[in-house]
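The sequence and the structure come first.

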Amino acid sequence: MPFCPKCGNEVANTDTFCNKCGTSIQEIPAEGAGTKVNQVAYAVLAILLGGLGIHKFYAGKIGMGILYILFCWTAIPGIIGLIEGIIAVTKKADANGNIYI
Ligand SMILES: [Zn+2]
């Protein structure tokens, strides 16, 4: 049973909105909403190896990963990777420790 992210009210798997506070329940993201990754693994890879796009390869975004490698000498991918890692940390993981990026 999922729980409402706002009020903690238990909601049915089929519910789209929390019947207590009306918050939209996004347990199952729509198609193309994001890739499911392990939060800790993704954040660590992004922060430590973000400049090489390793977190992108981990997330299955091969094209983006190659782009990061091509531009790794500019240090820009490293900065973006660091930011992406921080964003990943601030995201609320599901019961299995996964986030959608
Ligand atoms: Zn609620």
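Is K56 buried or exposed? K56 is buried, with a relative accessible area of 7%; buried means under 20%, exposed over 50% and partly exposed in between, with a 1.4 Å probe and protein chains only.

The model is predicted: local features need pLDDT of at least 70 and side-chain atom pairs pLDDT 80 or more, while totals for chains, interfaces and linings use all residues. Residues are numbered from 1 along each chain as its sequence is written, and side-chain values use heavy atoms, without hydrogens and water.

An automatic or database assignment gives domain 1 (1–29) and domain 2 (36–100). Their C-alpha centres lie 28 Å apart.

The count of salt bridges (a side-chain nitrogen of Lys or Arg within 4 Å of a carboxyl oxygen of Asp or Glu) comes to one. In it, E84 meets K56 at 3.1 Å, N to O. E84 sits in helix α4 and K56 in helix α2 (residues 54–58), 28 residues apart. Helices here are DSSP runs (H or I) of at least four residues, numbered from the N terminus.

| Residue | Relative accessible area | Class |
|---|---|---|
| E84 | 18% | buried |
| K56 | 7% | buried |
| V40 | 58% | exposed |

V40 belongs to helix α1 and to a nonpolar surface patch of about 860 Å². Such a patch joins Val, Leu, Ile, Met, Phe, Trp and Tyr side chains within 5 Å, from residues with over 30% relative accessible area and no salt bridge. Helix α1 (39–49) and helix α4 (76–90) each supply at least two of its residues; the largest share, five residues, comes from α1.

Conventions: Patches are made of residues with over 30% relative accessible area and no salt bridge: like charges are joined within 9 Å, nonpolar side chains (Val, Leu, Ile, Met, Phe, Trp, Tyr) within 5 Å. Accessible areas come from the Shrake-Rupley method with a 1.4 Å probe; for residues, only the protein chains shown count as cover.
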